[in-house]
Amino acid sequence: MNVLITGANRGIGLGFVKHHLEHGHDVWACYRTTADSLSALGCEKLHLLQWDVGLDDDPEGELPASIDLLINNAGIYGPGKDGQSLHKVTSEAMLNVFNIDCIGPLRVVQKLADRVINAKGVIANISSKMGSSDDNSSGGTYAYRAAKAGLVIVSRSMAMDLAPYGVHVITLHPGWVATDMTGNNGLIDIDTSVTGMSSVINRARNFHQGQFVAFDGKIVPY
Ligand SMILES: NC(=O)c1ccc[n+]([C@@H]2O[C@H](COP(=O)([O-])OP(=O)(O)OC[C@H]3O[C@@H](n4cnc5c(N)ncnc54)[C@H](OP(=O)(O)O)[C@@H]3O)[C@@H](O)[C@H]2O)c1
């Protein structure tokens, strides 16, 4: 099985890499700047690709002809909570986070759709409950919420467009996970999140096309 993961050098992405290598899969791990943590894994089934999903450039490295599972994981939070408040969030911050968290996965799929179609594979787009309008009872965090909400919509359109080709697309919420993004605060660790999301991915076709699902298999209303 060929798996491609963006933002794979740390956090949840690196957790996905380890999970799939442990299951004997071939993994194409994409990194933006540094691959040290990936090279240290020293596995022959691991293939490295340099890919900044915020740019239109092609990835550097050799892509597989077919991709069974594409995990769009790369993302940024943007400025801290205060910097995303009603009076402080800037247009630049809004556009920067949108470029990476919403347009990034779209760029990746534009470049890789044919390869996922070759495998009649699955695409998992990592959004966040922060992008759920239904779940938003505390306000603020304008840039991250808007970008992740946009990704839910983009993911649903991808799902509709690729369904006729046998590709299944789902949108995932990893839980609140202790990583660099959360300052290592969280309710769950990376292993719990990755194991849970992988279980959802394994039964992706039991969920509706484009459905928004949390790591514990619960549907996220949005
Ligand atoms: N942690 C949580 O509680 C939580 C909750 C909901 C959703 N999520 C989502 O889960 C995903 C992973 O989050 P995480 O907690 O693992 O975050 P993280 O620890 O901050 O890791 C983010 C990863 O994305 C990569 N990345 C950032 N900008 C990129 C770009 N322009 N091109 C390519 N890669 C880029 C980073 O690479 P560099 O090392 O090069 O910066 C890093 O590998 C994100 O989409 C995040 O929004 C996380």
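User: Is Y31 buried or exposed?
Analyst: Y31 is buried, because 25 other C-beta atoms lie within 10 Å. A residue counts as buried if 20 or more other C-beta atoms, placed from the backbone, lie within 10 Å of its own, as exposed if 12 or fewer, and as partly exposed in between. This is a predicted model, in which local features need pLDDT of at least 70 and side-chain atom pairs count only at pLDDT 80 or more, while totals for chains, interfaces and linings use all residues. Residues are numbered from 1 along each chain as its sequence is written.
User: Where is the place of Y31?
Analyst: Y31 belongs to strand 2 (residues 26–31). Helices (H or I, at least four residues) and strands (E, at least two) are DSSP runs, numbered from the N terminus.
User: With which residues is Y31 in contact, leaving aside neighbours within four places in sequence?
Analyst: With those neighbours set aside, Y31 is in contact with A8, N9, L38, L48 and Q50. Contact requires C-beta atoms, placed from the backbone, within 7 Å.
User: Turning to the ligand, which residues come nearest?
Analyst: G7, G11, R32, G75 and T179 come nearest, of the 28 residues around the ligand. Near a molecule or strand, a residue has its C-beta atom, placed from the backbone, within 6 Å of it.
User: Which helix gives the most to that shell?
Analyst: Helix 1 (residues 11–22) gives the most, with three residues.
User: Which residues of helix 1 meet helix 5?
Analyst: G11, I12, G15, F16 and H19 of helix 1 meet I190, D191, S193, V194 and S198 of helix 5.

Terms used
Contact = placed C-beta atoms within 7 Å.
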